[in-house]
Amino acid sequence: MSALQKIAEIEAEMARTQKNKATNAHLGLLKAKLAKLRATIVSEGTRGSGGGGGQQGFEVSKTGDARVGLIGFPSVGKSTLLNKMTGSASEVASYEFTTLTCVPGVFNYKGAKIQLLDLPGIIEGAKDGKGRGKQVISVAYSCSLILIVLDVMKPILHKRKIEYELEGFGIRLNKSPPNILFKKREKGGIALNMAPGCELQDCDEDSIMQVLREYRISNAQVSIRCNATMDDIIDTLEGNRKYCPAIYVMNKIDQITIEELDIIAEVPHHVPICAHHEWNLDGLVEMMWRYMSLLRIYTKPRGQIPDYTAPVILPAEKNKIEDFCLRIHKSLLGQFKVALVWGMSVKHNPQRCGKDHPLMDEDVVQIIKKVG
């Protein structure tokens with residue numbers, strides 16, 4: 001039996017099984033088996049997406065300070081949106097499946113270069129290898145933000161289907177990694193610890209032990225420091241999940257009424273636009289900037305005013321002076337003596353800081369090198 005047939009069987013059994021305390025352990029075991037099977041399909045897909053086979057690969061060289069992927073069903077307006085934002089020539093037509101390869105474009109915003117990728121229309125069953133879904137989603141893994149483009153005439157139906165496909169590939173939208181520590185060890189059995197005040201949502205310690213046995217883990221330390229679900233446990237064991245911010249782009253709002261727009265406004269993480277008429281593209285770009293959490297750090301040469309024209313762009317999770325030096329040139333760290341910093345991250349201007357100092361948006365930095 002193929003992996004896809006096994007997945008279909010497990011999904012059918014999960015659909016038949018009633019959810020209650022008595023079936024939690026059984027459902028947890030099925031979820032673990034499903035995650036393992038999906039992992040094999042993903043690894044096969046990413047190995048095959050380099051273009052060595054019969055199909056053209058999607059590997060696009062990463063340029064700029066951040067990468068944003070456009071994902072959506074065919075004919076929702078992704079190519080039009082890319083053309084309006086970047087001026088790239090992605091083919092646009094009124095029939096489905098116009099874009100057959102990955103089309104990149106770049107636009108500038110607040111001194112940052114943002115690479116935008118128009119990925120081919122996703123279809124149902126992409127996570128199981130239908131169409132070119134595995135290639136689409138393997139590129140999505142490299143993005144710092146995903147724009148899910150939806151046709152405003154059928155947004156919720158498409159939204160749920162795309163979320164289901166991305167979830168099946170291990171992409172978690174607008175979520176943080178669960179606060180669970182998992183560490184394998186050579187002996188000592190399983191040590192399962194719960195932090196005070198934390199509870200298991202849809203599982204218990206016995207079902208977690210069963211899932212660990214399914215993964216052939218007999219010696220490990222597991223510390224749960226959040227209100228964890230079985231999905232959180234499995235995600236931690238798999239260890240390859242992509243936690244990515246996402247914006248739901250409601251396109252073609254010229255086709256609906258104000259009252260219908262008010263209903264759509266209840267969808268979290270959404271922005272309404274009309275790519276064809278260029279309505280609210282400024283609002284979309286501003287929201288993208290917020291979700292990407294990028295920092296602009298300005299450089300100040302000695303004895304000169306700061307250069308506000310070309311900021312060094314850092315992701316919020318890599319905001320130390322050490323990261324700033326590496327972004328300019330890796331040799332700079334070896335010559336580093338101290339940094340003078342002006343801005344929100346320091347108590348007085350300028351302040352002498354070491355390489356572990358965390359920077360904030362629009363700080364000004366002057367690097368003083370070692371002498372000799």
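Buried means under 20% relative accessible area. The legends below refer to a predicted model.

**View 1. Two buried cysteines, Cys-143 and Cys-203.** Cys-143 has a relative accessible area of 1%, and the value for Cys-203 is 9%. Cys-143 therefore counts as buried, its 1% lying under the 20% cut-off. Cys-203 is also classed as buried because 9% is under 20%.

**View 2. Cysteine sulfurs around Cys-143.** The number of disulfides comes to zero. Cys-143 takes part in none, and the nearest cysteine sulfur, which belongs to Cys-244, is 6.8 Å away. That separation is not within 2.5 Å, so Cys-143 and Cys-244 are not counted as a disulfide.

**View 3. The largest nonpolar core.** This core contains 52 residues, and Leu-81, Leu-147, Leu-284 and Met-288 have the most contacts inside it. Helix H9 (residues 281-292) supplies the largest share, seven residues. Leaving aside residues up to four places away in sequence, Met-288 touches Val-68, Met-85, Phe-107, Leu-116, Leu-145, Leu-147 and Ile-247.

**View 4. Confidence along the protein.** The mean pLDDT is 85, with 85% of residues at 70 or more. Helix H4 (residues 133-140) has the lowest confidence, at a mean of 68, and strand S10 (residues 246-251) the highest, at 96. The pLDDT is below 50 over residues 48-57, a stretch with 12 contacts beyond near neighbours in sequence. Residues 90-100 are likewise below 50, and this stretch has 28 such contacts in the model.

Note on methods. Residues are numbered from 1 along each chain as its sequence is written. This is a predicted model: local features need pLDDT of at least 70, side-chain atom pairs count only at pLDDT 80 or more; totals for chains, interfaces and linings use all residues. Side-chain values use heavy atoms; hydrogens and water are left out. pLDDT is the predictor's confidence in each residue, from 0 to 100. Helices (H or I, at least four residues) and strands (E, at least two) are DSSP runs, numbered from the N terminus. Contact means heavy atoms within 4.5 Å. Buried means under 20% relative accessible area, exposed over 50%, partly exposed in between (1.4 Å probe, protein chains only). A nonpolar core is a set of buried Ala, Val, Leu, Ile, Met, Phe, Trp, Tyr and Cys residues joined through side-chain atoms within 4.5 Å.
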